[in-house]
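Biologist: Could you zoom in on a single part of this model for me and talk me through what sits around it?

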Amino acid sequence: DVRRNRFFVPEALGRVERIKARRRKKARWKLETSCWAERKASGNSKDFFETSDALRRMFDVDWGIAAKAHELSWYIVKCQNDPSTWRELNRESAFGEVDEVRDALWQHHRLLYGAYDYYAALYSDNESAPGEPDVFNISFHSFMNFCEHNQMVSKRVPPGEFETIWAIVNAKDKALTAEEDQFNKGSYLNRQEFLQTLVRCAIAVYVKRGTIGDVSDSVNQLCIANLLPCMQQRCPSALQNS
């Protein structure tokens, strides 16, 4: 009632002067003064962009876990050698082919991590928090689409083979501790598990079918002949340098 019944006295309107507003000069946008400024000081790469050194540190950690998980290194060695010689091989030895597979993956690291980010965000059927889709892990549906989109699935290599790869990589692994693989959400692929699947997919598509006998060469072929051209055509945004 007080607000509605205010005291009011009619007043004559005096002279009104038009005031010209000063037009402020718009400051030029600079990365150094943007919301990304803190990235240079606190980011992994200590730069506005992800440097190769920062990505290499990340890759080395991912591969260090992936090579150990589910006996991937030993699986690479077995695929590289005749079954009749397996008993003669020393599992504890350092095999050069494992290092060559690592180098082949690193050669295409921006392509692979770009694909990972894209497919992790594309089919997010899980939430990291209420109302926040999980865009950091690849779901089963997304993984199968990744295999189909990149022309790995065929009459010679049916979908069931990739489902088996998914099951192997997602199975509980006694070789890894919870501390080593603390970002593993179980029924999803994290980065190191994605590297595992890439190696196993390359073996399934090329080595097992007798097309390529060398595992590292098959990984390189998978990246060059499958992933790169298919993503350029189907999902070029996966190849952008974020």
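Modeller: D181 sits in the loop between α7 (159-170) and α8 (191-207), with helices being DSSP runs of H or I, at least four residues, numbered from the N terminus. Keep in mind that this is a predicted model, where local features need pLDDT of at least 70, side-chain atom pairs count only at pLDDT 80 or more, and totals for chains, interfaces and linings use all residues. Residues are numbered from 1 along each chain as its sequence is written, and side-chain values use heavy atoms, with hydrogens and water left out.

D181 is buried (under 20% relative accessible area, 1.4 Å probe, protein chains only), yet it has no salt bridge (a side-chain nitrogen of Lys or Arg within 4 Å of a carboxyl oxygen of Asp or Glu). R191, the nearest side chain of opposite charge, is 9.2 Å away; Lys and Arg count as positive, Asp and Glu as negative, while His and the chain ends are not counted.

What does the D181 side chain make a polar contact with? One partner is the side chain of N190, at 3.1 Å, and the side chain of Q192 is joined to D181 by a polar contact of 3.1 Å. Such a contact is a pair of N or O atoms within 3.5 Å; within protein, one must be able to donate a hydrogen and the other to accept it, and residues adjacent in sequence count only if both atoms are side-chain atoms.

Setting aside neighbours within four places in sequence, D181 is in contact (heavy atoms within 4.5 Å) with L176, N190 and Q192.

Over in helix α9 (residues 215-234) is R234, which counts as exposed because its relative accessibility is 53% (the cut-off is over 50%). The side chains of R234 and H149 are joined by a polar contact of 3.4 Å.

How values were computed: Helix = DSSP H or I, 4+ residues; strand = E, 2+ residues; numbered from the N terminus.
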